[in-house]
Amino acid sequence: MLTKPYSFLTSAFVIPVMVIEREADAIPMAEALVAGGINVLEVTLRTPCALAAIKAIAQAVPDAHVGAGTVCTGDDFSAAVDAGARFIVSPGQSDALFNKSSALKVPLLPGAVSATEVMRAAEAGFKVLKFFPASTSGGAAAIKAFSGPFSDISFVPTGGIGPKNLLEYLDLPNVQAAGGSWMLPKDKIQSGDWQAVTQLSREASELATTKELIQ
Ligand code: 3PG
């Protein structure tokens with residue numbers, strides 16, 4: 001495993017990609033994830049209540065380390081930080097996002113799936129990159145190939161990851177954590193079955209940490 005430049009990733013092996021449709025779901029969803037051993041949470045800015053959800057989790061779930069995902073503009077970045085996001089994830093990258101991260105001193109995981117994108121983000125000083133969409137961008141094999149030319153860069157892959165292929169990614173020394181939504185099935189969220197979310201989260205975190213213990 002490469003050095004973890006961000007302390008919040010030290011014990012984060014699985015990062016849930018949260019799409020919160022109802023503000024009232026924010027706190028129970030976060031609590032269910034934390035109860036299952038997952039405490040670094042990415043709330044995507046894909047729904048009208050996303051910023052309110054970040055604020056609610058930041059205030060009411062002290063064991064959660066909440067960040068914002070699907071952050072595509074500098075304004076999104078600022079709004080997410082104002083709401084309480086402590087890290088920012090973007091599917092891609094831009095100078096506006098790089099500049100906001102530097103100005104606000106908030107960690108950014110910019111997206112990169114090509115060598116050129118990796119080089120551009122690295123040149124701006126970003127060494128931990130989101131690799132999205134992982135499964136259709138070459139998967140674990142592509143990330144493994146990046147370890148040759150980009151020995152100081154590591155990745156957080158998301159997109160198409162689940163229990164069956166999680167360890168393919170986490171086994172790579174240049175992968176810090178893997179993101180995904182498999183522990184948040186839409187039907188379970190819709191019905192408020194938070195125990196199911198906790199169970200899936202526990203299975204995910206145990207799978208990930210078993211691997212860490214074996215190393
Ligand atoms: C996303 O941005 O939606 C994430 O990459 C989650 O992908 P998944 O639903 O395939 O886990």
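Is Ala30 buried or exposed, and what is its relative accessible area? I looked this up before anything else. Ala30 is buried, at a relative accessible area of 0%. I noted the cut-offs: buried is under 20% relative accessible area, exposed is over 50%, and partly exposed is in between, using a 1.4 Å probe and protein chains only.

**Ground rules**

This is a predicted model, where local features need pLDDT of at least 70, side-chain atom pairs count only at pLDDT 80 or more, and totals for chains, interfaces and linings use all residues. I also kept in mind that residues are numbered from 1 along each chain as its sequence is written, and that side-chain values use heavy atoms, with hydrogens and water left out.

**Ala30, continued**

I found Ala30 in helix α1, which runs over residues 26–35. A helix here is a DSSP run of H or I with at least four residues, a strand is a run of E with at least two, and the numbering starts from the N terminus. Then I asked what Ala30 touches, not counting residues up to four places away in sequence. I got Met18, Leu41, Ile57 and Val61. Contact means heavy atoms within 4.5 Å. I also checked Ala30 against Glu206: they are 176 residues apart along the chain, and their C-alpha atoms are separated by 18 Å.

**The whole protein**

I stepped back and noted 9 helices and 8 strands. The C-alpha trace spans about 45 × 40 × 30 Å along its principal axes. How does the radius of gyration of the protein agree with that of a compact globule? For 215 residues such a globule would have a value near 17 Å, and the protein has 16 Å, which agrees. The radius is taken over C-alpha atoms, and the globule rule is 2.2 Å times the number of residues to the power 0.38.

Buried residues make up 51% of the 215. Of the contacts with a separation of 6 or more, 60% are between residues 24 or more positions apart. The accessible surface is about 9,500 Å², and 54% of that belongs to carbon and sulfur atoms. That area comes from the Shrake-Rupley method with a 1.4 Å probe, and for residues only the protein chains shown count as cover.

**Strands**

I went to β2, residues 40–44, and found 5 of its 5 residues buried. Which residues sit on each face of β2? I wrote down Val40, Glu42 and Thr44 on one side, with Leu41 and Val43 on the other, and all are buried. β2 pairs with β1 (residues 14–18) in the parallel sense over 2 bridges. Two strands pair if DSSP finds at least two bridges between them. Val17 has Glu42 in β2 as its bridge partner.

Next came β7, residues 154–157. Ser154 and Val156 point one way, Phe155 and Pro157 point the other way, and all are buried. β7 pairs with β6 in the parallel sense, over 4 bridges. Leu129 has Phe155 in β7 as its bridge partner.

Pro133 lies in the loop between β6 (128–131) and α6 (139–146).

Thr70 has a positive phi, near 55°. Thr70 is in the loop between β3 (65–69) and α3 (74–83), and counts as buried at 18% relative accessibility. Lys105 also turned up with a positive phi, near 55°. Lys105 belongs to the loop between α4 (95–104) and β5 (108–109). At 72% relative accessibility, Lys105 counts as exposed.

Ser78 is in helix α3. I have Ser78 down as buried, with a relative accessible area of 16%. Leaving aside neighbours within four places in sequence, Ser78 is in contact with Lys100 and Leu104.

I ended on Lys186, in helix α8 (residues 186–191). Lys186 is exposed, with a relative accessible area of 74%. Lys186 and Val19 are 167 residues apart along the chain, and I noted 9.2 Å between their C-alpha atoms.
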